[in-house]
There are 6 protein chains.
Amino acid sequence: MSVVVKVSGKLFDEETVDSLNALREGIRGLIEEGKRVAVVTGGGATARRYIGKGRAMGANESMLDLLGVWASRLNAYLLSFSMADVSYLKVPESLEEFIHAWTSGKVVVVGGFQPGQSTAAVAALVAEASNSELLILATNVDGVYERDPRLFKDAKLIPRLTTKELSDILETSQSVNAGGYELLDPIAIKIVNRSKIKVVVMNYNKLSKLREVLKGKDISTIIEPA
Amino acid sequence: MSVVVKVSGKLFDEETVDSLNALREGIRGLIEEGKRVAVVTGGGATARRYIGKGRAMGANESMLDLLGVWASRLNAYLLSFSMADVSYLKVPESLEEFIHAWTSGKVVVVGGFQPGQSTAAVAALVAEASNSELLILATNVDGVYERDPRLFKDAKLIPRLTTKELSDILETSQSVNAGGYELLDPIAIKIVNRSKIKVVVMNYNKLSKLREVLKGKDISTIIEPA
Amino acid sequence: MSVVVKVSGKLFDEETVDSLNALREGIRGLIEEGKRVAVVTGGGATARRYIGKGRAMGANESMLDLLGVWASRLNAYLLSFSMADVSYLKVPESLEEFIHAWTSGKVVVVGGFQPGQSTAAVAALVAEASNSELLILATNVDGVYERDPRLFKDAKLIPRLTTKELSDILETSQSVNAGGYELLDPIAIKIVNRSKIKVVVMNYNKLSKLREVLKGKDISTIIEPA
Amino acid sequence: MSVVVKVSGKLFDEETVDSLNALREGIRGLIEEGKRVAVVTGGGATARRYIGKGRAMGANESMLDLLGVWASRLNAYLLSFSMADVSYLKVPESLEEFIHAWTSGKVVVVGGFQPGQSTAAVAALVAEASNSELLILATNVDGVYERDPRLFKDAKLIPRLTTKELSDILETSQSVNAGGYELLDPIAIKIVNRSKIKVVVMNYNKLSKLREVLKGKDISTIIEPA
Amino acid sequence: MSVVVKVSGKLFDEETVDSLNALREGIRGLIEEGKRVAVVTGGGATARRYIGKGRAMGANESMLDLLGVWASRLNAYLLSFSMADVSYLKVPESLEEFIHAWTSGKVVVVGGFQPGQSTAAVAALVAEASNSELLILATNVDGVYERDPRLFKDAKLIPRLTTKELSDILETSQSVNAGGYELLDPIAIKIVNRSKIKVVVMNYNKLSKLREVLKGKDISTIIEPA
Amino acid sequence: MSVVVKVSGKLFDEETVDSLNALREGIRGLIEEGKRVAVVTGGGATARRYIGKGRAMGANESMLDLLGVWASRLNAYLLSFSMADVSYLKVPESLEEFIHAWTSGKVVVVGGFQPGQSTAAVAALVAEASNSELLILATNVDGVYERDPRLFKDAKLIPRLTTKELSDILETSQSVNAGGYELLDPIAIKIVNRSKIKVVVMNYNKLSKLREVLKGKDISTIIEPA
């Protein structure tokens with residue numbers, strides 16, 4: 001079995017490298033369990049900064065998206081170069097390139113692929129193309145909530161839901177956490193459904209324990225394909 | 001100004017090359033009007049045949065999508081090689097490659113880019129990246145109908161609607177023409193909206209008259225960004 | 001030792017995937033015998049269809065050849081994606097790329113390389129570059145005949161001949177099977193001769209038994225380098 | 001004649017895009033004068049941030065340099081995408097790629113090429129390969145000073161010196177401005193000498209006036225090849 | 001109209017650059033006549049030296065051919081870099097790459113493409129792909145002779161023959177000049193025939209007069225497609 | 001541990017392949033010791049010949065450097081193709097490409113990367129990027145001498161020195177062997193210093209004994225990072 005870990009760009013925005021080290025520790029844990037691992041990195045603040053400047057200078061939306069893609073690849077290179085003994089090192093720039101890179105047996109780290117495509121969609125494609133059964137979404141909230149946990153202190157975390165239920169929540173209310181849409185957009189949902197990929201949402205401050213997550217512990221929210 | 005023409009893969013399935021010749025004539029007409037032209041080709045029957053075989057042999061969905069992408073590129077090469085005097089000849093395999101190809105001043109023909117991405121989304125991205133004001137969708141029906149014209153003889157063609165109205169129709173009913181979703185999927189709609197690209201739907205048997213379409217004639221349906 | 005299997009494009013034209021499954025079974029058999037395997041695929045009906053349309057539209061002969069090459073690569077991708085666990089996945093587009101791909105230890109599947117070069121020549125080059133001792137040509141006839149078996153019911157199959165004898169037959173008479181020239185053209189013959197590669201001709205309906213062929217059974221015709 | 005402008009990464013660190021807009025204005029001025037323009041961008045704070053994190057995670061020095069190179073390319077893409085009508089858009093990743101890109105007639109923007117190579121060396125190579133007679137170094141000081149102007153208020157700017165004199169200053173004292181070494185390292189000096197390229201140092205807050213600089217005005221320091 | 005000039009590798013073996021300068025002069029003459037020009041370079045002594053060493057070290061024949069291809073590309077780079085103002089600079093490594101390079105409007109210089117393919121075949125493909133009407137073969141003999149001019153002082157030059165006649169001479173006798181086979185091999189003959197390309201054989205010491213050759217002067221032998 | 005061997009281009013200039021065979025034997029010895037090996041090849045006489053001709057034809061210095069780079073890659077291909085069973089076969093053209101190639105577990109052979117960069121600098125970068133502890137410089141003298149051994153018969157070989165001492169010798173006198181500067185230029189010294197890479201200088205006629213060198217025998221000069 002193989003596992004895809006999608007990490008929010010926020011992980012790369014932190015002052016220290018503690019979270020990145022936790023991620024590395026988690027990945028090594030998965031490898032020790034005999035799993036193959038692919039990682040998808042978001043663009044975070046670097047992406048927003050470059051997109052903001054590009055927009056101020058009148059670049060078109062596709063090119064702004066590309067700046068975001070390049071920023072996410074910079075994050076991917078940082079992670080990849082910091083695991084030189086186990087990683088593929090080159091950051092694939094398309095799914096075709098990923099598919100080929102995956103045959104190497106190495107940990108493959110990617111950022112974005114294309115304008116008009118969310119990192120969540122990239123992660124779902126990477127999970128599908130690598131025949132992974134598990135896609136882990138690591139972000140700075142604990143999971144999917146009934147209401148936005150930043151607005152409502154008493155918001156309750158949903159431990160288990162289907163992609164159908166997630167879609168309904170995303171479409172009909174604003175009561176999910178702001179990052180809800182970031183978790184899985186319609187394209188990503190379509191892909192995890194068609195290939196029956198189980199999705200786990202977790203806080204990235206627990207990334208060192210990916211091995212436990214694999215065993216069903218420390219998971220905040222499980223999203224089942226519908 | 002530049003124009004993007006998205007042609008249904010069905011154009012390449014026909015026995016004769018009459019429609020392809022009409023397309024070439026139309027493109028030359030646009031060039032004579034001083035327009036730059038990009039073309040996006042669907043995969044048609046070749047795509048379906050290879051996807052069908054791949055599925056029968058157990059390839060995963062991402063790889064099936066890739067077979068469809070390669071088939072659409074074969075269609076793109078056929079068209080490109082048949083306009084060797086004005087075309088870029090190489091078929092770009094990603095938006096990044098397209099963006100660069102576009103600086104050549106040539107007619108650029110592309111097929112698909114990525115798994116999980118419709119040809120409509122590719123066409124919208126290509127239109128956005130090339131700062132085109134017009135995206136022409138050429139298919140085998142005349143335009144957008146209130147009800148499926150193949151089921152209801154009296155279905156009425158909608159001459160003008162917004163992407164918002166198209167979304168509503170697509171979501172809430174099955175009364176549009178079957179190819180409705182193929183015309184513009186949610187990603188494509190998002191892109192034409194954010195970059196204010198006007199969309200024209202037309203029958204591909206009128207492709208030789210692209211020059212007229214540019215002038216507002218022979219258009220079946222105009223979809224305005226909302 | 002390694003083995004190169006060249007399969008006629010006709011294999012990909014069939015309605016069912018039975019023959020393709022047989023090919024996969026045969027390849028797995030070879031791998032179990034400890035052999036490395038490369039596969040070269042013809043373009044078949046897809047190639048002819050696109051070449052026909054391109055010619056009708058006035059593309060030059062080199063570009064028509066390229067359409068055939070792209071069609072054969074589509075066949076190669078279909079096969080490669082259907083053996084994702086053992087194949088290199090990417091289809092090399094030149095001998096240089098093949099040589100590098102071969103160092104991966106995977107099954108490498110290629111279509112055509114270049115205009116003006118037969119798939120037989122590609123297969124011979126691939127066999128030479130991979131230091132293979134055996135090149136298997138799988139087609140829809142049983143082997144090399146003294147006379148065209150489709151015209152003469154009593155045509156006798158030739159169980160063993162040299163490339164010199166094959167050349168003589170090809171040059172001096174029309175009595176070989178129509179596909180004779182497709183089997184090995186002069187360039188291919190030159191290559192199998194200079195590198196002493198043994199060639200086996202077999203019917204592709206026996207592809208599941210490649211392991212037996214390796215052991216000298218079920219072979220129709222052996223062509224020895226001269 | 002063609003001109004190479006090397007801009008310090010600091011230009012990309014500023015909160016606003018005013019300096020970047022000034023750069024664009026300056027480049028358009030040069031084009032209007034009939035000059036071809038290549039731009040080389042430094043990595044700035046983005047580079048330092050990623051290198052810092054990579055070092056904290058134990059990446060080797062070559063890979064840290066590569067992170068800096070990728071950061072400088074991100075700056076290059078920002079500039080390139082913001083001049084889409086005149087630029088080559090793709091950012092070349094080696095001198096070979098630059099040389100080919102240069103034949104396009106477009107403005108070519110590059111970041112770094114290789115680990116172990118300063119942006120100044122890249123700029124000198126780009127100037128040499130494009131047969132440019134002028135290399136403009138735009139940074140956040142006014143030019144070359146006899147003593148570090150940030151430490152000594154009365155430091156005097158040197159209006160004209162030779163690369164030989166610059167080398168002597170760089171080797172034998174610390175009294176130049178801190179960025180002195182950044183201006184031209186030994187490799188860059190070797191290249192501007194061997195190809196007789198004139199170097200101009202200027203403050204990047206005057207970049208909108210590149211056209212004037214070309215005519216010999218507003219120049220702070222001229223460094224003549226020795 | 002466009003013209004392809006194939007120059008023997010011997011041109012690059014000479015001590016001086018006089019012949020190379022003559023070639024450049026000839027190419028500029030063609031450009032002044034409004035022609036587009038592609039050049040194909042042989043590998044010459046450099047190729048033979050590397051192939052000899054590779055063979056002594058046991059490299060297989062495909063790899064030896066590749067060494068020859070790389071040597072011919074080195075010759076191509078020498079020529080290309082020496083015409084930097086008019087050439088495409090990058091040396092295409094396949095016909096696909098050439099076809100795309102050709103759309104640039106520049107002089108494109110190539111060496112070899114593939115193992116198992118003569119430079120003559122490359123030249124014929126390049127002529128076909130670029131829709132050239134004329135293929136000039138420049139070598140160190142004056143043309144095609146009835147008998148080998150190096151053995152028979154009274155050998156008579158054949159001013160005009162068909163590819164059919166050339167084939168007959170090549171197959172049935174050894175009385176042509178030794179380089180006869182180098183001029184056009186069977187694959188090259190097949191290509192010039194199918195695309196009706198006129199071939200001119202000339203001594204490379206007359207290369208400065210390519211403009212005259214174009215007008216029908218100073219031609220030694222014309223080979224007409226049959 | 002891994003080892004980088006930089007071999008002078010002179011090795012490829014010899015009439016026989018004896019030295020090349022010794023190199024291959026030495027590399028196999030290192031592999032048997034469980035070491036990974038990268039090789040960097042100089043350009044030698046081939047480089048000088050092409051650079052000489054290019055200069056005579058007016059190519060600019062960057063392009064002349066590129067001719068030298070291509071020549072060194074030809075040497076690299078010769079070596080790589082002659083060790084097809086253990087080598088990566090493709091010759092990486094940049095450090096980025098090398099880094100990725102290195103993950104393959106194969107012997108990777110490179111020539112030059114970039115104009116303006118010595119082969120010594122390439123070798124130092126390759127050693128750094130591959131985390132090698134040892135960089136072996138094989139040339140046609142025995143090591144570093146106090147005075148030029150070709151001018152002074154009694155010149156004494158220096159068995160051990162630091163990069164600091166080497167720099168001093170290189171800068172302040174001409175009494176080192178002519179190839180001294182070729183051994184390690186300032187960029188190379190900077191790299192071996194920053195990554196603490198030990199450098200061994202040896203005569204290439206002892207290359208078959210690389211295994212002994214690894215064990216500290218047959219070393220002429222050790223240069224320690226300072």
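Reader: In which loop is A:Pro115 found?
Author: This is a predicted model, in which local features need pLDDT of at least 70, side-chain atom pairs count only at pLDDT 80 or more, and totals for chains, interfaces and linings use all residues, while side-chain values use heavy atoms, without hydrogens and water. Residues are numbered from 1 along each chain as its sequence is written, with chains lettered from A and ligands numbered from 1 in written order. With helices (DSSP H or I, at least four residues) and strands (E, at least two) numbered from the N terminus, A:Pro115 is found in the loop of chain A between β3 and α5.

Reader: Is A:Pro115 buried or exposed, and what is its relative accessible area?
Author: Leaving aside neighbours within four places in sequence, A:Pro115 is in contact (heavy atoms within 4.5 Å) with A:Ser62, A:Asp65, A:Leu66 and A:Val69 of chain A, and with B:Leu95, B:Gln117 and B:Leu125 of chain B. A:Pro115 is buried (under 20% relative accessible area; exposed is over 50%, partly exposed in between, with a 1.4 Å probe and protein chains only), its value being 1%.

Reader: Which residues of chain B does A:Phe113 touch?
Author: A:Phe113 lies in the loop between β3 (108-110) and α5 (119-129) of chain A, and is buried, with a relative accessible area of 1%. Not counting residues up to four places away in sequence, A:Phe113 touches several residues of chain A, including A:Val69, A:Arg73 and A:Phe98. From chain B, the residues touched are B:Glu96 and B:Gln114.

Reader: What is the largest C-alpha distance among the residues of the "binding site"?
Author: An unreviewed UniProt entry places this feature at residues including A:Gly43, A:Asp65, A:Phe113 and A:Pro115. Although spread over 77 residues of sequence, the positions cluster in space, with a largest C-alpha distance of 14.1 Å.

Terms used:
UniProt positions are given in the numbering used here, feature names are shortened, and annotations may be inferred rather than shown by experiment.
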